[in-house]
Amino acid sequence: MDETLPQRLETKGIIGSVKKALFRIGCLLLWSISLTADKPNLVFILADDLGYGDIDSFGAPDIETPNLDRLAQEGMRFTSNYSNSAICSPTRAAFMTGRYFQRLGLEWAVWYQAPGEGLPPTETSLASMLKDAGYQTALTGKWHLGYEEGWRPNQHGFDRFFGCLGGNVNYFEYYDKTGTHDMFLNDEAIHPDAYVTDLTADYAVQFIEEMKEEPFFLFASFNAPHFPFQGPEDRESEFSWHDGTREKHYIPMVESLDKAVGRIVDKIDALDLAENTLIVFTSDNGGEKLARNAPLKGLKGSLWEGGIRVPAIARWTEVISEDTVSDIPVQTIDWGATLLKLAGGSPPENRPLDGKDLMPILKGGQALTMRPLFFRRALDPHRSKVVEKRAVRLGKWKYLDTPAGEQFLFNLETDIAEQNNLIDSNLELGLGMSSMLDQWEADIDPPLYDQRNQALINKAARTNSK
Ligand SMILES: [Ca+2]
């Protein structure tokens with residue numbers, strides 16, 4: 001008996017297996033669609049060492065930041081936003097894990113080309129968690145969480161990486177303070193020919209353009225205005241790692257950062273993605289010597305407000321009301337937690353988040369349950385001048401102490417500049433906050449990974465080889 005082709009295939013069980021295969025593909029497609037449906041795009045823009053009062057909408061009288069101000073006008077400003085650390089790498093580790101960075105034993109800025117320092121391969125980064133939740137991921141700009149194989153951005157969940165691995169780079173010639181070339185496209189050393197801030201925006205814009213159909217996570221991690229103080233017109237100027245003036249160098253750096261942020265926001269708007277994209281802008285620590293941290297006391301590196309309170313702006317046109325302000329104290333780890341929650345992702349079971357989801361605030365100024373925010377500056381294996389300090393912010397109060405027995409208590413609501421130490425008249429409150437810090441330290445110590453020991457071994461090896 002003649003069989004039609006379909007019958008023959010049916011007889012041989014081929015159609016059955018094709019149907020099963022199609023069914024499986026269909027399920028896979030549905031699963032992948034449900035994984036990505038309605039997920040917002042997530043754009044986290046980090047400035048490096050930008051001070052609290054360094055942009056117009058946070059009070060800068062001498063810097064023009066129309067793009068950041070527009071972002072603030074279209075979204076929410078956070079006036080009590082804290083970087084988890086007063087220096088670079090630890091804040092980045094906090095963002096990438098949604099956890100206190102002290103748990104990783106990384107309490108200093110990763111040293112040049114140092115192995116064994118940064119975000120250990122044993123940790124699951126935010127980028128990896130977002131990737132698992134169906135996101136395309138890219139880092140443009142500064143990493144500063146490890147040089148070693150296994151510790152780099154592409155190995156921590158970023159599909160794409162353009163930028164530098166270390167903490168500082170010449171803005172035109174792309175070498176770090178040790179003279180080592182530090183500019184990469186994924187694993188490949190590259191030698192482009194433009195100002196680093198502009199390049200960082202170029203790659204961000206290109207990524208968004210390519211990702212317009214998929215949920216994406218873009219971490220745009222600008223080097224500016226971290227030293228060397230080179231503005232976009234300083235290619236031919238005499239080069240120095242640390243010298244410069246606010247007027248000649250620093251202000252052009254911040255203004256070009258503002259333009260770069262504007263290009264990213266404009267691309268999102270031009271592709272009609274604004275309603276489905278959360279954009280967060282903040283800084284990794286307080287401003288350095290050329291910055292304006294006013295009205296706060298202290299600079300980068302200290303646990304005075306000027307070292308850790310930094311601007312933050314969030315825009316999501318569909319969700320956040322325009323031109324709103326929140327003074328609720330929040331930290332970098334909360335932004336990591338918020339992004340992960342929005343993506344529907346979750347951390348490994350043995351790495352619960354310390355950060356809190358900020359959506360209740362973003363959706364309508366709702367307060368979170370009052371909670372303490374903890375800070376600690378520990379001894380640095382690479383820098384001998386660091387003084388240990390710890391601090392906690394609880395509501396309007398801030399308590400700070402040192403191993404030498406100094407104690408400070410400030411009411412930040414009436415004394416944002418930390419001028420009046422109220423510890424003597426509020427000893428009981430101070431003791432209570434001190435014991436909160438003790439309990440926190442008992443929880444975070446010892447670290448999961450002993451980077452400090454590794455750093456000291458490396459340092460001894462470097463000294464011996466000299
Ligand atoms: Ca920094």
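Trainee: In the open sheet of four strands, what is the strand order?

Mentor: Keep in mind that this is a predicted model, where local features need pLDDT of at least 70, side-chain atom pairs count only at pLDDT 80 or more, and totals for chains, interfaces and linings use all residues. Residues are numbered from 1 along each chain as its sequence is written. Strands here are DSSP runs (E, at least two residues) and helices are H or I runs of at least four, numbered from the N terminus; two strands pair if DSSP finds at least two bridges between them. Pairing in this open sheet is antiparallel, and the order is β13-β14-β15-β16.

Trainee: Which are the edge strands?

Mentor: Look for strands that pair on one side only. Those are β13 (373-377) and β16 (407-411).

Trainee: Which residue of β16 is the bridge partner of Lys398?

Mentor: Strand β15 covers residues 397-401 and pairs with β16 in the antiparallel sense over five bridges. Within β16, the partner of Lys398 is Phe410.

Trainee: What angle does the direction of helix α11 make with that of β15?

Mentor: Helix α11 (residues 427-444) packs on the sheet and touches β13, β14 (389-394), β15 and β16. Axes are lines fitted to C-alpha atoms, for helices over the stretch in contact, and angles run from 0 to 180 degrees between N-to-C directions. For α11 against β15 that comes to about 65°.

Trainee: Which residues does Phe162 contact, leaving aside its neighbours within four places in sequence?

Mentor: Contact means that C-beta atoms, placed from the backbone, lie within 7 Å. On that basis the list for Phe162 is Thr140, Leu185 and Tyr203.

Trainee: In which sense do β5 and β6 pair?

Mentor: On one hand, β4 (residues 136-141) and β5 pair in the parallel sense over three bridges, with Ala138 partnered by Arg160. With β6 (residues 184-185), β5 makes two bridges, and Gly163 stands opposite Phe184. The sense of that β5 and β6 pairing is antiparallel.

Conventions: Two residues are in contact if their C-beta atoms, placed from the backbone, lie within 7 Å.
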